[in-house]
Amino acid sequence: MPGSSRDRHSCLDTRTPPAPYPPMRDHDADVIIAGAGMAGTTLALALASAGVKALLVDPQPFDAQLAASFDGRSSAIAYSSFRQWRAIGAGGALAPHAQRIEQILVTDGKTPGPAARGPSPFFLRFDSGEIADRSEGEPLGYLIENRQIRAALARTVIDKGIEVLAPVGARALDVTPAGATLTLTDGRQLSAPLVVSAEGRNGVLRKAAGIGDIGWSYGQSGVVATVRMQHPHQGVAHEYFLPSGPFAILPLTDNRASLVWTESTDRAEALRHASPEAFHAHLMRRFGEFLGAVEMAGPTFVYPLSLSLAERLVAPRLALIGDAAHGVHPIAGQGLNLGLKDAAALAEVVAEALRNGEDIGAEATLERYARWRRFDNVSNALAFDGFVRLFSNDNPLLRLARGVGMAAVNRIAPARRFFMHEAGGGVGDLPKLLRGMAL
């Protein structure tokens, strides 16, 4: 944000920093984060990297999030998001579980992609080699299982000595000019200048602050399964747009893949309860045989799909990040990346405010965070919603229009490179952490 108060403040960092306001002795932490999921723990580590004392609370036992059955999804991580994890000390723990995405192949089809009769003339091919000069050799992104992300971030939180209170959740928030008091479900009370809700879409604190949300259900669910393949996937991600919704084959380490396909809610529930033989038959109809024999490598998960946007990102002494601020359709695989951007931006605003002796929970401080993230969150959520409506149907005119558009982008190298940089998080007003810089 050139010329903004953020940039003016950053030039003062070489001066002797004034004492933080309010004084730490009056509070349990600088920042209390409700929610120790992926966005919440990333924020805690980002704050700690700048010398800001963070405290995490979560209603789930901290080790429960590490179980394979807790979250069966995998996430496409932008290379800028992975830079942030390296900068805050979590990159080493995550690297063994991160599969580089070297190519993305996008195809439009009436029947499931690999098993369809003949190739579609409309497709897109993205290759990391095309942007290697600007991305410093980074891939298009990384695929990591959510359970591995949670485990790596949890280990790093413990290694950094960040306090975690779990299992205990947030129950109420009282705000005064001097700070905020968070009441927990076990009756304990904690105080801080700033409280952050990283609780997810149904967070207690967002509702307690009177922040409404805008959104709708898509009447769809995402069916998620992990498979092991006979032939090497070579770091190639495949996405097929079908009338019922997208079907994606996302490469994982150890020659596995995360399969994500969208069905109506009723059909998705039927797949959840199908016999292993019936489920495998449905899977192979979509998958085809181009990667050889496919074996299930874990349970099947079904997640309802909807859009949710908080009407505001901040309230007195409260900030929202991650799914508490925005829950989006996974069609572009950017949901977690938006939350990690929130964490990077908020950590930078807080760190700079403390260095300049500002009240980190004041309205002016929090509004800097809200201005930074508001447009990006809303524009991306609406773009993903538009993609869902454009691609999850079988209207012949729309099919022709999107096919021609895909073919055109595929032929125009600058357009391809723009979309790759955008997906990798390498464009726009990036926080320092997303550029790999320390706070």
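## Helix 2 against helix 6

In this predicted model, Met38, Thr41, Thr42 and Leu45 of helix 2 meet Asn146, Ile149, Arg150, Leu153, Thr156 and Val157 of helix 6, a contact being heavy atoms within 4.5 Å. The residues of this contact divide into five nonpolar, four polar and one charged, where Ala, Val, Leu, Ile, Met, Phe, Trp, Tyr, Cys and Pro count as nonpolar, Asp, Glu, Lys and Arg as charged, and the others, Gly among them, as polar. Helices (H or I, at least four residues) and strands (E, at least two) are DSSP runs numbered from the N terminus.

Helix 2 and helix 6 (residues 146–159) pack at an angle of about 30°, and their axes are 10 Å apart; the axes are lines fitted to C-alpha atoms, for helices over the stretch in contact, with angles running from 0 to 180 degrees between N-to-C directions. Helix 2 is therefore roughly parallel to helix 6, as angles under 35 degrees count as roughly parallel, over 145 as roughly antiparallel, 65 to 115 as roughly perpendicular and the rest as oblique. The crossing of helix 2 and helix 6 is left-handed, meaning that the near helix is turned anticlockwise from the far one by less than a right angle, whereas clockwise would be right-handed.

## Helix 2 against helix 10

Helix 2 (residues 38–49) also packs with helix 10 (residues 335–355), at an angle of about 25° and with the axes 9 Å apart, so that helix 2 and helix 10 are roughly parallel to each other. The crossing of helix 2 and helix 10 is right-handed. On the helix 2 side the contact is made by Met38, Ala39, Thr42, Leu43, Ala46 and Leu47, and on the helix 10 side by Leu336, Gly339, Leu340, Ala343, Leu346, Ala347 and Val350. By class, this contact has 11 nonpolar, two polar and no charged residues.

## Salt bridges

The count of salt bridges comes to 18, each being a side-chain nitrogen of Lys or Arg within 4 Å of a carboxyl oxygen of Asp or Glu. Asp376 and Lys341 form one of them, at 3.4 Å from N to O, and this pair joins Asp376 in helix 11 (residues 363–391) to Lys341 in helix 10, 35 residues apart. Both Asp376 and Lys341 are buried, buried meaning under 20% relative accessible area, exposed over 50%, and partly exposed in between (1.4 Å probe, protein chains only). Salt bridges that share partners join Lys341, Asp342, Arg373 and Asp376 into one network.

Glu138 forms a salt bridge with Arg83, with the closest N and O atoms 3.6 Å apart; Glu138 lies in the loop between helix 5 (132–135) and strand 7 (141–145), and Arg83 in helix 3 (residues 79–87). Glu138 and Arg83 are both buried. Arg228 and Asp254 meet in a salt bridge at 2.7 Å, N to O, but here Arg228 is partly exposed at 33% relative accessibility and Asp254 is exposed, with a relative accessible area of 56%.

## Surroundings of Leu205

Leu205 is found in helix 7 (residues 204–208) and counts as buried at 1% relative accessibility. Leaving out residues up to four places away in sequence, Leu205 touches Ala34, Ala170, Leu173, Leu182, Val195, Ser197, Glu199 and Leu318.

## Basis of the values

Residues are numbered from 1 along each chain as its sequence is written, and side-chain values use heavy atoms, with hydrogens and water left out. As the model is predicted, local features need pLDDT of at least 70 and side-chain atom pairs count only at pLDDT 80 or more, while totals for chains, interfaces and linings use all residues.
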